[in-house]
Amino acid sequence: MSGLRLISTYSSDSEDDEVVKANSNKSSERLPLPVSIATWKGVPHHEEINDDPLEHDGRIRNFKHERGNWATLVYINYEPSEAMLLWMLSVLEKVTVKCNIFAEQFHISVTRTLTLKFHWIESFVEEIKKLCEQTDQFTLELLNVRAYCNEERTRTFLGIECRDCKGTLAHFVKDLNNFLAEYNLPPFYEDSSYHISFVWCLGDEIASLNNLIPSLTIKLNQFLVDNAEDRYIYINKVHLKIANKLYAFKLR
């Protein structure tokens, strides 16, 4: 099967799984192929892509675009209620450094951002699907606010830490790490803290944000007392993003 045919067909055809188009509200609209793939055959060289941080609120890409490499992430979607979203926005008024609310989909990462080779995609998708089919649906509990900094120390985040109520997520991540090792991909962080990042700022501002954690945690707990329905997240799907393709796999 040719590379171009593979890229147009590697998404799941199962009725139990959803393939969601990124950056589009029309489920029937097919995404265009990335230029680097559409022009692959017979092209000996691809121009290097230079990311301008000024076009992304100053954010710096953690790894460069490279031919044949696909940025990949396994995660859990989180859709806040209107009340929770208002609470998140209220936090911006409390922070002492310039911060931004997350513009992209809120989520809980269960892998690092991985670099996937093109010829791995089909088998990788199938293995993630199988792992999800073997995992029971589970519940996460929102606990407290915590500050995080990425490995490159280029961005700092405020996140809501989540508790894995019955250990199902920890078992899933353990199996996922074993699977990633077969591709020589890095496991999830050893001291993993499952969380929903909702505010970010440039640079290493961990010290400044840590000063706010006690008061923000008190405010979060007060909010959860008044809005008990927001305390728990019921997880019945796991999501996978490979470049601009999104997948949603149902749990058992």
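## Stop 1: the loop between H5 and E8

Select Pro-187, which lies in the loop between H5 and E8. Helices (H or I, at least four residues) and strands (E, at least two) are DSSP runs, numbered from the N terminus. Residue numbers start from 1 along each chain as its sequence is written. The model is predicted, so local features need pLDDT of at least 70 and side-chain atom pairs count only at pLDDT 80 or more, while totals for chains, interfaces and linings use all residues; side-chain values use heavy atoms, with hydrogens and water left out.

Buried means under 20% relative accessible area, exposed over 50%, and partly exposed in between (1.4 Å probe, protein chains only).

Now show the neighbours of Pro-187. Leaving aside residues up to four places away in sequence, Pro-187 touches Arg-112, Asn-177 and Leu-180. Contact means heavy atoms within 4.5 Å. Draw a distance from Pro-187 to Asn-177: the two are ten residues apart in sequence, and their C-alpha atoms are 4.9 Å apart.

Stay in this loop and select Asn-184, which is also placed between H5 and E8. Its phi is near 55°, a positive value in a residue other than glycine. Asn-184 is exposed, because its relative accessible area is 73%.

## Stop 2: H4 against H5

Select helix H4 (residues 121-133) and helix H5 (residues 168-181). They pack at an angle of about 155°, and their axes are 11 Å apart. Axes are lines fitted to C-alpha atoms, for helices over the stretch in contact, and angles run from 0 to 180 degrees between N-to-C directions. H4 and H5 are therefore roughly antiparallel to each other. Angles under 35 degrees count as roughly parallel, over 145 as roughly antiparallel, 65 to 115 as roughly perpendicular and the rest as oblique.

Show the side chains where the two helices meet. On H4 these are Phe-124, Glu-127, Ile-128, Leu-131 and Cys-132; on H5 they are Phe-172, Asp-175, Leu-176, Phe-179 and Leu-180. The contact of H4 with H5 holds eight nonpolar residues, no polar ones and two charged ones. Ala, Val, Leu, Ile, Met, Phe, Trp, Tyr, Cys and Pro count as nonpolar, Asp, Glu, Lys and Arg as charged, and the others, Gly among them, as polar.

## Stop 3: H3 against H7

Move to helix H3 (residues 82-91) and helix H7 (residues 213-226). Their packing angle is about 160°, with the axes 11 Å apart. That makes H3 roughly antiparallel to H7.

Which residues meet in H3 and H7? Ala-83, Met-84, Trp-87 and Val-91 in H3 meet Leu-216, Lys-219, Leu-220, Phe-223 and Leu-224 in H7. By class, the contact of H3 with H7 has eight nonpolar residues, no polar ones and one charged one.

## Stop 4: the five-stranded sheet

Switch to a cartoon view and find the open sheet of five strands, ordered E3-E8-E7-E6-E9 with antiparallel pairing. Two strands pair if DSSP finds at least two bridges between them. At the edges are strand E3 (100-101) and strand E9 (232-235), each of which pairs on one side only.

Select strand E7 (residues 155-164) and strand E8 (residues 195-202), which pair in the antiparallel sense over seven bridges. Thr-156 stands opposite Cys-201 in E8.

Next, select strand E6 (residues 138-149) together with E9: this antiparallel pair has four bridges. Phe-138 stands opposite Ile-235 in E9.

## Stop 5: E2 and E5

Select strand E2 (residues 69-77) and E5, an antiparallel pair with four bridges. The bridge partner of Asn-69 in E5 is Lys-117.

## Last stop: the whole chain

Zoom out to the protein chain, with its seven helices and eleven strands. Buried residues make up 39% of its 252 residues.
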